[in-house]
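Here is a short report on one protein model. Look at the structure first, then read on.

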Amino acid sequence: MAETTLSSLQDLKGATVSAAGVQPAAPVYVQKLDKQGRAYATGKRKDAVARVWIKPGTGKITINERPVEVYFARPVLRMVLRQPLVVANRVTQYDLVVSVAGGGLSGQAGAVRHGLAKALTAYEPDLRSALKREGFLTRDSRTVERKKYGRKKARRSFQFSKR
């Protein structure tokens, strides 16, 4: 590789174009499956961690070896975890096996949604742009603020009295 001396910004502009040639192509995502033909991904939200496996099927969802209607009794939580399938228009095409631990039910539903979106992109890389546009591939980094010394909670002080 030849070294060139640059004396102005015009020289720098010419050097970067000639060295790079054309714009680099967008990264190509490939399908990642295990030996059983399943795609795997891990999703996280608050303190909850979900491990999600998807495979072609009829739309059956199993969470911690229980049906989704039993584990997530609230319809809102079931709606949250199905959002990536609805956006991708694949509601009845995949069976889901999920193992989730930590946090509360709301955090667990968010973790399953995150893991499901990542597993869908591993199974069908073409869905990545639609899922990313909706924000399902981004980990929601908001967590509980820690309790501070000399306070009752993270921000709440003890009651003040002037007496």
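## The nonpolar core

The largest nonpolar core has 33 residues, and Ile54, Ile63, Phe72, Leu96, Val98 and Leu120 touch the most other members. Such a core is a set of buried Ala, Val, Leu, Ile, Met, Phe, Trp, Tyr and Cys residues joined through side-chain atoms within 4.5 Å. Buried means under 20% relative accessible area, with a 1.4 Å probe and protein chains only. Helix 4 gives the most to this core: nine residues. Helices (H or I, at least four residues) and strands (E, at least two) are DSSP runs, numbered from the N terminus.

Ile63 has contacts beyond four places in sequence with Val68, Tyr71, Phe72, Leu81, Val98 and Val100. Contact means heavy atoms within 4.5 Å.

## Glu124

Glu124 sits in the loop between helix 4 and helix 5 (128-134). Glu124 counts as buried because its relative accessibility is 18%. Its side chain makes a polar contact of 2.8 Å with the side chain of Arg90. Here that term means a pair of N or O atoms within 3.5 Å, one able to donate a hydrogen and the other to accept it; residues adjacent in sequence count only if both atoms are side-chain atoms.

## Basis of the model

This is a predicted model: local features need pLDDT of at least 70, side-chain atom pairs count only at pLDDT 80 or more, and totals for chains, interfaces and linings use all residues. Residues are numbered from 1 along each chain as its sequence is written, and side-chain values use heavy atoms, leaving out hydrogens and water.

Key
Buried < 20%, exposed > 50% of the residue type's maximum accessible area, 1.4 Å probe, protein only.
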